Amino acid sequence: ACGNGGNAEPASSASSGTETKTDTANGAAAGPAFPTDIDGLVAYEGDDRKEKLIEAAKKEGNLSLYTSMALEDMEKVAAKFEEMYGIKVQIWRAGSENVLQRIVTEAQAGRFDYDVVETNGPELEALHREQLLIPVKSPYLSDLIPEAITPHGGWTATRLNIFVQAYNTSKLKKEDIPTTWEGLLDPKFKGLIAVEAEDIDWFAGVIKELGEEEGTKFFRDLVATNGISLRKGHTLLTELVASGEVPYALTVYNYKAEQLKNDGAPLDWYAIEPAIARANGVGVAKNPKNPAAAVLFYDFMINEAQAFLAEIDFVPTSNKVDSSLNDMDIRFVDAGIILDEFDKWEALWQEIIMEKK
Amino acid sequence: MLNVRALYKEFPNDQGETVKAAQDITLEVPEGKLFTMLGPSGCGKTTTLRSIAGLERPTSGEITVDGKLMYSSEKKVFVQPNRRDIGMVFQSYAIWPHMDVFKNTAFPLEVGKKKLSKKQIEEKVLRALHVVALDGLESREATKLSGGQQQRLALARALVMEPKLLLLDEPLSNLDAKLRERMRFELKRLQRDLGITSIYVTHDQSEALALSNQIAVMNAGRIIQIGTPREIYEKPGSQFVADFIGSTNFVEGVVESVVGEGYILAKTKIGLIKAYSAQEPVPGSKVVISIRPENIHVSHERPTDGNVAEGQIDTRIFLGEYVDLQLKVGESLLQARTHPSLRYPAGTQVYLGMDPEKCIALLDAKSPPAEKIVVSKAVS
Amino acid sequence: MLNVRALYKEFPNDQGETVKAAQDITLEVPEGKLFTMLGPSGCGKTTTLRSIAGLERPTSGEITVDGKLMYSSEKKVFVQPNRRDIGMVFQSYAIWPHMDVFKNTAFPLEVGKKKLSKKQIEEKVLRALHVVALDGLESREATKLSGGQQQRLALARALVMEPKLLLLDEPLSNLDAKLRERMRFELKRLQRDLGITSIYVTHDQSEALALSNQIAVMNAGRIIQIGTPREIYEKPGSQFVADFIGSTNFVEGVVESVVGEGYILAKTKIGLIKAYSAQEPVPGSKVVISIRPENIHVSHERPTDGNVAEGQIDTRIFLGEYVDLQLKVGESLLQARTHPSLRYPAGTQVYLGMDPEKCIALLDAKSPPAEKIVVSKAVS
Amino acid sequence: MLKTTWFGPTTTLEPKPLIDFKWFIIGVTIFIVSYLGIVPLAFLIWQSFSTPQTMTQAAEFTANNYVRAYTDPQTLVLFYNSFIFAAGTSAFSLVLGTLLAWMNERTNTPFKSLFYALAIIPLIIPSILFTVAWIFLASPEIGIFNLALQRLFNTDYVFFNIYSLGGMIWVEGLHYSPMAFLLMTAAFRSMDPSLEESAMMSGASIRHIVFKITMKLAWPALFAAVLIMFVRSIESFEVPALLGMPAGIQVFTSAIYNAIKRYPSDIGLAGSYAVTLLIITSIGVFFQSKISSSGSKYSTMTGKGYRPRAMDLGKWRYLTAGIFIVYFLLIVIIPFLVLVWSSLQRFYSVPSVQAFKTISFENYSYVLQYPSFLRSVSNSVLLSIGSATTIMLLTAVICWIVVKTRIRGRWMLDNIASLPMVFPGIVLGVSIMILYLQFDIGVYGTLWILFIAYLTRFMPYGLRYNTTSMMQIHKELEESAAMSGATWGTTFRRIILPLMKSGFVAGWIYVVIVSIRELSSSILLYSPGSEVISIVIWELWENGQYTKLSALGVMFIIALFILVIGMQLFTKRIGVKES
Ligand SMILES: Nc1ncnc2c1ncn2[C@@H]1O[C@H](COP(=O)(O)OP(=O)(O)OP(=O)(O)O)[C@@H](O)[C@H]1O
Ligand SMILES: Nc1ncnc2c1ncn2[C@@H]1O[C@H](COP(=O)(O)OP(=O)(O)OP(=O)(O)O)[C@@H](O)[C@H]1O
Ligand SMILES: [Mg+2]
Ligand SMILES: [Mg+2]
């Protein structure tokens, strides 16, 4: 019974969502041409878009954000937003899969507590497929690198997690470090290499980059000659490199490695190019309680926040912002493909890396 | 006041058999009286008591306290123990280890229906503790009492609430003779003064005789005889009772003739004996004659009346207040209890005098079947 | 066999005071004898016993069993209880609830030093259970026994291991008179046959008198008198002992003259009394004369020798085997125990005859100070 | 003389109040517990027969989940690994916890007075931290133990390898040993020492006493401990993930985790795996309730001669004191010091003079200023104390019904209340979330939903703690209160609860700690404003702020330690005192 209810509900509460909007609209009857409902808002392309949005958003006063970005960082970003527009951001933070889980479950029950969602690409893609996001026609989209913009526009990439290679400088010397994948097959790396336990998308990316046959063979050879040990969690992996426990890691996020390096840890990182990158992005809810604030925040994330993200060591997707961290050849993991081909890659990963027969 | 009718209680045991702990218990205790249950270990005294308290749900029967039906298997009535207003001393004391002496005693007053002020409670508690000679130990942890002190505490706890009905399961068994005697009289006085109807379980014959208005002798789950102390002692209805209440000598015999006025003449191994018999048996039937040791008078001179036998002192046992003699009469051994001043050494030839009134002729076998239970009329 | 010297045991209580549970306990039990500790509730019997067992670490003193030092505060020796080879029956029974009757009894054999075959164990267990009349209940769960049955089980468990030294803490207190008597003799027989040296704690005076080779009377943590049953009963060393062991009449008086051979003449309210005195007091000193009720002979005729007084029967109490009489002599009330056949009604004028040998003159006050403890020489 | 005849008119007592208080309480409790236990179960079963549900695709009935879960040969391997791991863990922690509890409660081992609070430190340390601390202690590469021994003997032999099944069992076993410790402590505490003393007088050696008397009497507690720890370690995630993964040891939880993590979330598959847990637990609970209904067999707190007292170990007490000290140093102090050490660093490095120069308290001030930290702390305190108290009271009533009454079907109640033990936390979170979204009574998005989740999740543990204590109370202690005229409620409050204090408090402490640590359902159910401390812990961990997390862990340990000691002191006053 619950399942059916879950499906039937959205319609009814969508209308209740509209009611809220109507209230807002009545209060904000300033510009007659400016739309007050979400469908209108996301499509509006007038020149006064920005001022009107700010005005309407200020009336709403609040914004509810579901995110998987580190709370500490998101707090900073939200503080910036609040400072600029005076809109209070309520943050709910969880792991990306939980963000997805929560939104879907709430939506099935007809509850729409989030206005904007900021999380990993694959989860955003899933939300899009669940028809829980709405594309926004923002003038700032053009500032972004082309890969950041999804074809359907349901969400937009705002920052990148770039997989790079890191090593412990007291255990390995810079001159010993291979710059090609094949270089890793040198037996002197036996027992030194580790990878994060769930980087299936990275794995798929590398294989695709090398060509399926070649790539698969490479990983098979690598496991056979030197072995790969698995560690759960990217940050743990990075920390373990710093502590010397893992002399060489294949998949760490470059910003984390950079932070530790700057803190003085005996660690260095580089990328065997092209580096594989995971996109994180932002999307606007289909039935937001605060539609104007939601659109405003979306704009903010792809525009004003970009430079700030770079400041706090993220890799932004804006062409306008320079970052030492994206100074390399990058390939994106396609969120859609990950969703569709997940089973295939997972099976391969299990077979080769986890050595399950 | 208390009526128990046809009470049965069976326990299933682990082997799936049933243990018949109480069978067909019927008794009546008038208001303000002290009724005693006496019987060998494991005969069902505690079980009966617990059934009256409501701690055990009987298999069948009926229990009425003060005119109120407490339990009836027919009418499906069962009143919860805490609504029965019955005080109880447990055989295992059941002292609460997390409270001190004072708190243990005060508990029934604190939780009772009557609301009492702190001062009143304190007064009553101190009085109860005084009665059981625990004054000065109020603040000792209950777990740090000696065995006897714990037992007295259990008693104080039952007394303090002045219940309508008081059940006492061997309340004095761990006390020394002096204290027991004192507490026994204290208890009796309190019971009489407060008019608390009481049921007293004891294994101590003299306690039962000294305290009770009435005694029920039990065996193997059944009541064998109910009567006043004197009735039970002097006119036991069966061999079991005669044997259980005090020691006795049994002499087997065959009825020769009925003398009348309740007396018979019986032919026994120690000679022809005139004995009292409640049942008037036909001549020729087998009887057992019970003669209590203290009713055998031992002397050098031949007594002039009553039954007389001749014998020899076999052994002497000094027991403080008296001396027990084993006497050989023909092939039979008889026991006699005499005053320590009687200094006849073992081997002495003596005469045994036995008052016919004190020689009780009994018909039954050792453990009488149920239908032979003798219930002397209740005297209130 | 067992030697206890100057044993002290103190407990701290919650208020920071100390409870002096055992003080200066010194005793000696010869091989194969049964030694009894007798005393009012809370006098320290259990504490002493537990110290001997090793379950309590005494504050100071020395304990030797069979020549082996078990505890000495000076030499800092303390042997663990399980290495002392001592059997014990606990006042609280301490039956293991998770085992049935058989297993409870078999446990000491299974864990003991001697390895026994299953068959031997079974044999011994059944024998022990037979002794305590628990045959047939082998497979009943221990928790489903009646109070008395549990106590007997505890006894069987201590007997089955045939220890060198056996400690018994009120082992028969929950049994009925019949069974108690039977078990008492069974116990005595076993103890003698097996030659187990035993210490027996009881509150039952007659049990103590009947069973023991020697008795220690304790009060408030101290031993007041040690002696054979007869010594203790007939020649109490103090008013406390005279009073505690059986009932007695105390008559106050002043010594008139010393007659010699241990006798004195004392002037009392009931007249001039010739009495036995161990201490030979000077004339003029105050004494208390103890006369046991059974030593007061009541009759219509004036006795020809011994002490004689004249009095009146005040009340009669029937107690089964005897009748207690309250006699009024002048202003004093005396108690006499007579045979039930004595049928003088209350109010009768009678003569009281008292053998001087049975009138014991005592010097001390009710509770004698420590230095006055009378220790009769141990008789083995 | 007043006479009533046998067959004369009789009256019953004055009519009872309409609802007896006792039956009211019992009824309400049964209702709450059944509600809490059955609802997620129904959800789990229903889900395990459904295909994944999305907005665009409705769930359908299927048996495929079971087919997939149980026909995959991989599953067998996972089960096998999990079984070995769980069995090893529960055996190890049981032995350790029981030994410590025994030494602490039943013997006169020196320095034991402080021990109760210290012994539960491993439980207080968040399991991620605990595991990582052990990586730093015993990993082949950087483990301090290995490095120290290698330097000492001048070899490069690897003495300890934490990345192995043995290592996993070691870490998990240590981490759970306080659970056994708490349970067994409670059991030993309400045991009449004369039961042991009589064994001693029977000539039994300490070994005999321990195994034939003490342990047998504590059997219900032992069984409960095994049951709890087995299920918990089958369910546990951190240790297999951090230690098993590098060694290639995969367990059953990773299958559940993977099923839920993918999109669309395959709760059905996870559910059908969880059914295995359900079966294992139900069997365990079934045996447990058989034990509980075996009546007075385990009543060890009697009203006669009961005198709490410890056993004199003689010379052996130096050995036990030695065990204490080793336990402290190796298992409590050293991991704690590792935490303290790393909390003073900017990133973890092996202790050295150079690293020593860089220590600072920055991490502590960072944590204290962390967004929503204070709110999380107060929410967590409120929730954990609230749910611990509620759970212990609820389950006290439940186990009273199960242990002390003869109501038919009472074992069902026991089983229902134990059911939530089998739910992986995340499944429970989802089911509660869905329930209160669909059935909107205003708890969604508030602290109450977390409260309900905690109640559900930890009820089984509370029940186990209470049951073992309840079984030890001799029935006459309760009956004598009834005979004193006390109502059921009064008896419960004034007699039963204080007598089962040791188990009650142990369970309370346990629930407080685990509910402060609870993450997997909290993360789904919390909302802005109802953050809890475990979210912060997870947050720090996800961000890789290991050193800051250590700082939080250190504060956490100290705070809980103080709480536990405070609780100890407080309850000392209301319970049975040892002499
Ligand atoms: N652990 C303890 N702490 C404090 N006082 C105690 C402790 N154990 C016993 N006592 C006290 O010491 C005294 C002697 O106790 P003990 O048990 O030896 O008496 P007892 O002679 O065996 O008495 P009973 O015949 O009643 O069993 C009593 O007053 C008792 O209350
Ligand atoms: N729960 C039970 N299950 C099985 N048998 C029981 C149970 N309780 C008592 N019995 C048995 O019922 C019989 C009567 O027990 P009860 O306790 O009434 O005896 P009692 O007369 O009080 O004996 P005592 O003087 O020894 O205390 C005993 O044989 C006992 O073993
Ligand atoms: Mg009984
Ligand atoms: Mg005692």
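The legends below describe close-up views of a predicted model, moving from one chain to its two interfaces and then to a ligand.

**View 1. The annotated domain of chain D.** An unreviewed UniProt entry lists "domain: ABC transmembrane type-1" for two stretches of chain D, residues 79–288 and residues 377–567.

**View 2. The interface of chain D with chain A.** Here 58 residues of chain D are in contact with 62 residues of chain A, and the area buried between the two chains is about 5300 Å², with 55% of it given by carbon and sulfur atoms. Twelve residue pairs are in polar contact between chain D and chain A, counting pairs in which both residues are at pLDDT 80 or more. Among the elements of chain D that each give two or more residues to the side touching chain A are helix H13 (252–261), helix H20 (425–438) and helix H26 (533–542). H20(D) gives the most to this side, with six residues, and by class the residues of the side of chain D that touches chain A divide into 37 nonpolar, 14 polar and seven charged.

**View 3. The salt bridge between chains D and A.** The count between chain D and chain A is one salt bridge, in which the side chains of Arg93(A) and Glu539(D) meet at 2.6 Å, taken from N to O.

**View 4. The interface of chain D with chain C.** In this contact 27 residues come from chain D and 32 residues from chain C, and together the two chains bury about 2500 Å², 59% of it on carbon and sulfur atoms. One salt bridge is counted between chain D and chain C; the side chains that meet in it are those of Glu197(D) and Arg50(C), at 2.7 Å from N to O. Helix H9 (193–201) and helix H10 (206–217) of chain D each supply at least two residues of the side that touches chain C, and H9(D) provides the largest share, seven residues. That side of chain D has nine nonpolar, ten polar and eight charged residues.

**View 5. The surroundings of ligand 2.** Ligand 2 lies between chains B and C and is surrounded by 19 residues, the closest being Thr46(B), Thr47(B), Arg140(C), Ser146(C) and Gly148(C). On the chain B side, a polar side-chain atom of Thr47(B) lies 2.5 Å from an oxygen atom of ligand 2, while an N or O atom in the side chain of Glu170(B) is 3.3 Å from an oxygen atom of ligand 2. From chain C, the side chain of Gln149(C) has an N or O atom 2.8 Å from an oxygen atom of ligand 2.

Methods: Residues are numbered from 1 along each chain as its sequence is written. Chains are lettered from A and ligands numbered from 1 in the order in which they are written. This is a predicted model: local features need pLDDT of at least 70, side-chain atom pairs count only at pLDDT 80 or more; totals for chains, interfaces and linings use all residues. Side-chain values use heavy atoms; hydrogens and water are left out. UniProt positions are given in the numbering used here, feature names are shortened, and annotations may be inferred rather than shown by experiment. Contact means heavy atoms within 4.5 Å. Buried area is the accessible area (1.4 Å probe) that two parts lose on being put together, summed over both. A salt bridge is a side-chain nitrogen of Lys or Arg within 4 Å of a carboxyl oxygen of Asp or Glu. A polar contact is a pair of N or O atoms within 3.5 Å; within protein, one must be able to donate a hydrogen and the other to accept it, and residues adjacent in sequence count only if both atoms are side-chain atoms. Helices (H or I, at least four residues) and strands (E, at least two) are DSSP runs, numbered from the N terminus. Ala, Val, Leu, Ile, Met, Phe, Trp, Tyr, Cys and Pro count as nonpolar, Asp, Glu, Lys and Arg as charged, and the others, Gly among them, as polar. A residue is near a molecule or strand if one of its heavy atoms lies within 4 Å of it.
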